[in-house]
Amino acid sequence: MVSSCGRIFFQHVVTIVHWGLLSSDATPALLNSAYSHTPSVSDGPRRQRGVQILLVSLPGLTLLGFVVSDPVSGPVRFPSEQFPLPGIPMPVDGPSGWPALLSLLLAVAMPFFCSAISIDEAWNQLLMREKMMQLGGQLVLTEQEELANERLMALKKAEVTQAMRTQKFPPSMHFFRAKTLIEKSEVFNILKKMPKGAALHVHDFSILSMNWLVKNVTYRPHCHFCVTPSGYLKFKFAYPAPPTPKPAECSEWVLLEKYRKELQNVTEFDNRLLQTFTLMTENPEVAYANQDAVWSKFNSIFFTISGLVHYAPVFRDYVFQALEEFYQDNVLYLELRAMLFPVYELNGTVHSQEWSVKTYREVACMFAEKHPGFIGIKIIYSDHRVKNVSFIMKSIQTAMTLRTMFPRMVAGFDLVGHEDTGHSLYDYREALMIPTLHGVKLPYFFHAGETDWQGTSIDRNLLVALILNSTRIGHGFALTKHPAVWADSWKKDIPIEVCPISNQVLKLVSDLRNHPAAVLMATGYPMVISSDDPAVFGAKGLSYDFYEAFMGIGGMAADLRTLKQLAMNSIRFSTLMDIDKKAAMKTWEERWNKFVADLAGRPK
Ligand SMILES: O=c1[nH]cnc2c1ncn2[C@@H]1O[C@H](CO)[C@@H](O)[C@H]1O
């Protein structure tokens with residue numbers, strides 16, 4: 001005990017000599033040094049404010065002294081202003097020489113003249129400051145929200161306590177095993193009812209439960225399938241039957257209706273189909289030994305379902321049903337990464353990309369008419385990052401044309417696919433600069449930093465995303481490894497789209513308590529939660545990802561404020577026009593108030 005006090009004393013005296021008094025802005029400074037090993041304090045004038053902490057150790061006695069020059073944590077300002085970002089050396093302007101010695105003497109003498117405050121008070125003040133920093137920490141809850149928060153946090157505490165006892169905590173387990181446990185959670189049931197705002201990071205054909213494809217789409221007439229030499233299924237609707245493929249490409253087409261009639265066990269066949277359409281498996285660690293293995297199956301799913309979802313009647317129904325699934329999950333608006341592959345008719349006619357955008361618009365309008373409060377959808381036109389730069393140049397042209405034709409439907413451009421095995425954004429720089437060179441505005445929404453490989457050209461996609469002013473960053477999983485990008489993107493208010501389940505299933509992180517967004521959430525970095533490809537992961541809407549973010553990433557520190565901020569962020573960082581954003585926020589607020597009233601009214 002005495003020796004640890006001695007150590008603390010030594011550490012703090014050294015700190016005091018070197019820096020003078022620690023101000024209330026010391027936490028960021030400490031965090032800062034933890035990251036960069038460069039001791040730092042925040043800017044000069046701000047050191048004058050707040051609580052000055054003196055820690056003094058005398059034999060057998062450790063005292064904390066505080067000088068309050070201003071009430072703790074005044075109004076919190078722009079986040080990157082209140083929180084010096086890691087790795088950015090701050091001016092070294094602490095006292096030295098005589099002033100430092102004076103500080104030291106003051107530090108020793110202070111506790112005898114000032115009223116010392118207890119460890120508990122110091123602890124509470126630190127806690128309070130961290131609460132203010134975290135995502136949503138600056139929100140002031142209404143009385144009813146406070147009540148609702150109490151109910152929610154009591155349930156959360158009970159579930160976490162139970163998990164600590166049983167050592168079975170869904171966010172620390174693989175989602176495929178955690179799913180049934182999550183569905184039993186009371187917190188999850190509340191999250192399902194919560195108005196979550198918008199889904200800003202989802203991919204075109206992985207947003208509707210795959211069961212619908214199996215049970216509805218593959219039972220439609222004229223559905224054929226063939227098997228590629230590598231064993232992948234391919235589908236095509238055609239009448240009359242489609243021409244036989246080249247043997248190197250696929251087997252002969254088989255009419256599914258006829259095939260099912262000859263089967264002994266259709267249920268088993270349908271279950272196998274479902275397995276082909278998702279990544280779900282009982283033993284994911286064995287099935288997917290590494291990231292390449294899981295991406296290989298992931299890509300095969302998009303390849304396989306392509307012929308189903310791009311059949312015109314299915315395309316329309318798919319979009320409608322997907323919106324229904326999100327609406328049921330209390331999501332009112334979506335921005336879809338869409339590749340706009342050709343949609344075909346039964347007779348083989350193929351539609352243009354404009355047709356697809358128009359159809360998205362039509363279906364969304366039709367859906368909105370039947371679903372009160374639904375706001376709509378937008379498209380982020382996306383191409384695949386395996387393509388070489390000349391193809392991407394064409395896609396950029398297409399994106400510019402589509403955005404000119406449908407300014408309210410096409411939000412911008414992105415590049416999708418496995419980042420590690422694709423081209424870096426830097427490789428594409430020539431293509432990505434085209435809009436600027438032509439004086440055309442084409443907003444970017446880059447997937448960037450969806451990698452574990454620090455310091456590679458792929459990891460540096462984050463730099464390019466920032467330089468090219470990406471409106472939002474898809475995943476940004478590696479952001480905390482790039483302090484300069486982190487600082488600047490925060491200043492520019494560029495949010496990251498965090499997709500917890502996707503990151504776990506695609507093997508970037510296994511225990512979601514260790515997701516890098518935990519740090520970003522604790523410091524209040526702008527973010528939204530999304531589900532990426534819920535249907536492929538066996539999830540639905542946004543609730544499962546909200547559960548993982550709320551329980552796992554945010555831990556016990558996350559409360560109703562966090563959830564409210566995340567929901568509001570999803571509208572704030574959407575690409576809706578200001579007037580539509582206001583309307584969306586109003587609709588969301590009405591629903592939020594109702595949700596809060598219900599939650600507050602629950603029996604204790
Ligand atoms: O998390 C992701 N990162 C990068 N690409 C993705 C992710 N999820 C899906 N896709 C890609 O999006 C296309 C369908 O729109 C598919 O090519 C799929 O690989």
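Visitor: What does His447 do at the ligand: which of its atoms lies 3.4 Å from a nitrogen atom there?
Guide: A polar side-chain atom of His447. Keep in mind that this is a predicted model.

Visitor: And Gly417? Which atom of Gly417 lies 2.8 Å from the ligand?
Guide: A backbone N or O atom of Gly417.

Visitor: What about Asp204, which ligand atom does it face?
Guide: An oxygen atom of the ligand. A polar side-chain atom of Asp204 lies 2.8 Å from that oxygen.

Visitor: How much of the ligand does the protein cover?
Guide: The protein covers 97% of the ligand's accessible area. On its own, the ligand has 410 Å² of such area.

Visitor: Which residues come nearest to the ligand?
Guide: Asp204, Gly417, Glu450, Asp532 and Asp533, out of 16 residues around the ligand.

Visitor: What classes make up that shell?
Guide: The shell around the ligand has 7 polar, 5 nonpolar and 4 charged residues.

Visitor: Which helix gives the most to the shell?
Guide: Helix α14, residues 291–309. It supplies 4 residues.

Visitor: How does α14 pack with α12?
Guide: The angle between α14 and helix α12 (residues 266–277) is about 120 degrees. Their axes are 8 Å apart. The two helices are therefore oblique to each other.

Visitor: Which residues meet there?
Guide: From α12, Gln275, Thr276 and Phe277. From α14, Lys297, Ile301, Thr304, Ile305 and Leu308. By class, the contact of α12 with α14 has 4 nonpolar, 3 polar and 1 charged.

Visitor: New topic. How do α8 and α25 pack?
Guide: Helix α8 (residues 175–184) packs with helix α25 (residues 543–553) at about 95 degrees. Their axes are 12 Å apart. So α8 and α25 are roughly perpendicular to each other.

Visitor: Which residues of α8 and α25 meet?
Guide: Phe175, Lys179, Ile182 and Glu183 in α8 meet Tyr544, Tyr547 and Glu548 in α25. That contact has 4 nonpolar and 3 charged residues, and no polar ones.

Visitor: And α7 with α9, what is the angle?
Guide: About 140 degrees, between helix α7 (residues 143–166) and helix α9 (residues 186–193). The axes are 9 Å apart. That makes α7 oblique to α9.

Visitor: Which residues make the contact?
Guide: On the α7 side, Leu152, Leu155, Lys156 and Glu159. On the α9 side, Glu186, Val187 and Ile190.

Visitor: Where does Leu139 lie?
Guide: In the loop between α6 (119–133) and α7.

Visitor: Beyond its neighbours within four places in sequence, what is Leu139 in contact with?
Guide: Arg561, Lys564, Gln565 and Met568. Also, the C-alpha atoms of Leu139 and Leu560 are separated by 9.7 Å. Those two residues are 421 residues apart along the chain.

Visitor: Now the backbone. Is the peptide bond from Tyr239 to Pro240 cis or trans?
Guide: Cis, with omega near -5 degrees. Pro240 is in the loop between β5 (233–237) and β6 (254–255).

Visitor: Last one. Is the phi of His475 positive or negative?
Guide: Positive, about 75 degrees, although His475 is not a glycine. His475 lies in strand β11, residues 473–475.

Visitor: Why point out those two?
Guide: Because most residues other than glycine have a negative phi, and most peptide bonds are trans.

Key: Residues are numbered from 1 along each chain as its sequence is written. This is a predicted model: local features need pLDDT of at least 70, side-chain atom pairs count only at pLDDT 80 or more; totals for chains, interfaces and linings use all residues. Side-chain values use heavy atoms; hydrogens and water are left out. A residue is near a molecule or strand if one of its heavy atoms lies within 4 Å of it. A polar contact is a pair of N or O atoms within 3.5 Å; within protein, one must be able to donate a hydrogen and the other to accept it, and residues adjacent in sequence count only if both atoms are side-chain atoms. Accessible areas come from the Shrake-Rupley method with a 1.4 Å probe; for residues, only the protein chains shown count as cover. Ala, Val, Leu, Ile, Met, Phe, Trp, Tyr, Cys and Pro count as nonpolar, Asp, Glu, Lys and Arg as charged, and the others, Gly among them, as polar. Axes are lines fitted to C-alpha atoms, for helices over the stretch in contact, and angles run from 0 to 180 degrees between N-to-C directions. Angles under 35 degrees count as roughly parallel, over 145 as roughly antiparallel, 65 to 115 as roughly perpendicular and the rest as oblique. Contact means heavy atoms within 4.5 Å.
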